[in-house]
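Hello,

Here is the structure I promised to pass on. Please have a look at it first, and my notes follow below.

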Amino acid sequence: AETDWRIEVLNGTIVLLQAIFVVGLRLLGQNMIDPYGDDLEDLSVITYINIGLDTSSIIMSAEPPQSTVPEPSTVPSSVPECPPVATSKTPPATLTGEANC
């Protein structure tokens, strides 16, 4: 039972830190919206949100590209086989005019 209260204290500490973090982010956001004081509008947040929504809408309505990979049924069944590799010292295939495999 001794570890139970330690875990609860740890969980409570984590929740408290998360709450402080969220409140800090909220205050930071409020300062970013109005950085120069009592002006009517410093940053047009609504404009940025509308641009983001428009861009997201365009991306979501786009058609997926057509696949350029052939279907397995359209691959030719007669694929040429490569000759066996020689174990002696032979020049590379590109120098002898042979096809690379």
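**What I found**

The accessible surface of the protein comes to about 9800 Å², and 65% of that surface belongs to carbon and sulfur atoms. Areas here come from the Shrake-Rupley method with a 1.4 Å probe, and for residues only the protein chains shown count as cover.

This is a predicted model, in which local features need pLDDT of at least 70 and side-chain atom pairs count only at pLDDT 80 or more, while totals for chains, interfaces and linings use all residues. Residues are numbered from 1 along each chain as its sequence is written, and side-chain values use heavy atoms, with hydrogens and water left out.

The average pLDDT (the predictor's confidence in each residue, from 0 to 100) is 77, and 60% of the residues score at least 70.

Along the sequence the pattern is α-α-α, with 3 helices and 0 strands. Helices (H or I, at least four residues) and strands (E, at least two) are DSSP runs, numbered from the N terminus. Helix α2 (residues 45-61) has the highest mean pLDDT of the elements, 91, and helix α3 (residues 93-96) the lowest, 52.

Of the 101 residues, 1% are buried. Buried means under 20% relative accessible area, exposed over 50%, and partly exposed in between (1.4 Å probe, protein chains only). L25, in helix α1 (residues 2-33), is partly exposed at 46%.

Best wishes
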